[in-house]
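Please open the model in a viewer and keep the selection panel at hand.

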Amino acid sequence: MRVLYVLMLALLLTGVSCKKSTSFCSIKEFGAIGDGRTNNTVAIQSAIDACNEAGGGEVLVSGGNFVTGTIILKDNVTLKVEVGSSLVGSENPEDYQNIDSFIDATGQVRGKCLIGAIDANNIALIGGGEINGRGKLFEHKSLRESLKNKGYEKNTINKLVANRPFLIRFVRSKNIRMDGLLLKNPAAWTCHFFQCSDVNVKHLEIYSHANKNNDGIDIDSSHDVNITKCYINSGDDAICLKTTSPKPTYNISVTDCILKSDWGALKFGTESMGDMYNIDIKRCKINDTKGGGIKILSVDGANISNVQIDSIDMKNVDMPIFIRLGERLRTYRDAEKQDVGSIDNISITNVKATTADLDNSRVTPPAAIFVTGTPNHKVGKINFKNVYVTLPGGGKEEHKTIVVPEDEDRYPEFSFFGVLPSYGLMARHVKELHVNKYDFYTTRPDSRPDVLVSDVDNFNNSLEYVQK
């Protein structure tokens, strides 16, 4: 009865609140109640629809905490969440819609979201308020038990548990703006842009630790994307460029962001079917990151090229730089399997980093940089300049003779390769490698060499070693 009442009220108010002569709609005028309990999905969607039908404008979320299931943005609509107000994800998994579902690299069905858009133009999420996915409600064991107690059948429970909702998911949309929001506790990824273009994201604060696969921002088969001045603290990758379709990701700019992650901070892949190129990342800080600072991974056929990464400051980061060309060749969305891809014309300059200490490293003793292709597929041109890394040392004589596995088709994680036989840079199966102005400094003795290369066709060995 409550849903029916809200729907009737929304229909009555549609003609009053979003006439073509006005530029905004308040969700409260459509019956939304910000008490943190009432489900406002119908009311909020009615406000968005009415604003869209009136030619566009602003839908205002103000004066409370508004629980909702999936809401879909429409052309020319800006959703503004004001300071002190919030959109809060429903605790009922059946309140979330699938939009353009797909199977991710972990084998899970994905596609549900709290806020979505599909084939939309000129949309925005702004304001100083909060969007909270309440992801802990979707933890595997607790959700399964809750659904069982409510009488759901086993097959239904399995589907609802597996497809945890993203917080925000935009599909095949363009002219997107996000600004000023706190995005918090999604059940899976926080922001996913799939086959989108002309995206501008700034001044976001993301806290994403409520569940598994808690990425911050995922740019997927999208182009002309600008991300600036965002603070991201995530359980999984903080900013991730990927291609879960053969369409490329290109013309991407990431600047002046502060990143912290329990996995990787700046990552390319692992989903990597389509090419990635013309990527510019600069003036970012990476802190307390356990799974890699900069990770460039082509393992499903992507050609990754023309990447400029400059002025990166890392503190307490496991494996500051990891570059991997592999042969996993996983497919997505029923696409045909790709040939092995390539990594070429990568420039990483002006990097200062300190790695995790021995007690907190995933691999002990740690190393700073690992670049590896495969015996049959070499990485192309890589350039490092002004790279300074402080490590804890601890390498022993026996570590110098370690044979690092190839693992051509395995998931590309640096920790799977184990301890490396050099503590600074290890590179193998590379066509062209330039290293200029570097320092790998250890705070305690390390018996391994600082630089070790193998099967590198053109290695610039006139290195200018600069002591800090």
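**The largest cavity**

Select Asp-318, Met-319, Val-363, Pro-365, Pro-366, Ala-367, Phe-414, Gly-418, Val-419 and Leu-420, which line the largest cavity. A cavity is a set of points, on a 1 Å grid over the protein atoms alone, where a 1.4 Å probe fits but cannot get out, and lining residues have an atom within 4 Å of a point. This cavity holds about 70 Å³ of space; grid points are joined across faces, edges and corners, and a volume is the space filled by probe spheres set on the points. By class, its lining has eight nonpolar residues, one polar and one charged. Here Ala, Val, Leu, Ile, Met, Phe, Trp, Tyr, Cys and Pro count as nonpolar, Asp, Glu, Lys and Arg as charged, and the others, Gly among them, as polar.

The model is predicted: local features need pLDDT of at least 70, side-chain atom pairs count only at pLDDT 80 or more, and totals for chains, interfaces and linings use all residues. Residues are numbered from 1 along each chain as its sequence is written, and side-chain values use heavy atoms, with hydrogens and water left out.

Stay with Pro-365 and display its backbone. A cis peptide bond joins Thr-364 and Pro-365, with omega about 0 degrees. Pro-365 lies in the loop between strand E29 (342–354) and strand E30 (369–372). Strands (E, at least two residues) and helices (H or I, at least four) are DSSP runs, numbered from the N terminus.

The structure holds two cavities of 30 Å³ or more.

**The nonpolar cores**

Which members of the largest nonpolar core touch the most other members? Select Ile-131, Phe-170, Phe-193, Phe-384 and Phe-440, from a core of 104 residues. A nonpolar core is a set of buried Ala, Val, Leu, Ile, Met, Phe, Trp, Tyr and Cys residues joined through side-chain atoms within 4.5 Å. Buried means under 20% relative accessible area, exposed over 50%, and partly exposed in between (1.4 Å probe, protein chains only). Strand E32 (residues 425–442) gives the largest share of this core, seven residues. Another core, of 12 residues, lies apart from it and includes Met-319, Ala-367, Phe-414 and Met-426.

Next, centre on Phe-440. Neighbours within four places in sequence aside, its contacts (heavy atoms within 4.5 Å) include Ala-368, Ile-369, Val-387, Val-389 and Leu-391. Tyr-423 and Asp-450 are also among the residues that Phe-440 contacts.

Move along to Ala-427, also in strand E32. Ala-427 counts as buried, at 1% relative accessibility. Beyond its neighbours within four places in sequence, Ala-427 is in contact with Val-371, Leu-433, Leu-452, Val-453, Ser-454 and Val-456.

**Val-171**

Select strand E12 (residues 166–171), where Val-171 is placed. Val-171 is buried, with a relative accessible area of 0%. Outside the four places on either side in sequence, its contacts are Ile-99, Asp-100, Ala-117, Ile-118, Asp-119, Phe-194 and Cys-196.

**Backbone stops**

Most residues other than glycine have a negative phi, and most peptide bonds are trans. Select Gly-269 and Thr-270, which a cis peptide bond joins, with omega about 10 degrees; Thr-270 is in strand E24 (residues 266–272).

Then go to Asn-251 in strand E22 (residues 249–255), whose phi is positive, near 55 degrees. Is Asn-251 buried or partly exposed? Asn-251 is partly exposed, with a relative accessible area of 29%. Leu-329 has a positive phi of about 60 degrees and lies in the loop between strand E28 (321–325) and E29. Leu-329 is buried, at 16% relative accessible area.

**The whole chain**

Finally, zoom out. The protein chain has four helices and 33 strands. Its radius of gyration is 24 Å, close to the 23 Å that the globule rule gives for 468 residues, so the chain is as compact as a globular protein of that length. That radius is taken over C-alpha atoms, and the globule rule is 2.2 Å times the number of residues to the power 0.38. The C-alpha trace spans about 75 × 50 × 45 Å along its principal axes.

Technical notes
1 Å grid on protein atoms, 1.4 Å probe; cavity = no way out; pocket = protein on both sides within 12 Å on 5 of 7 lines; lining within 4 Å.
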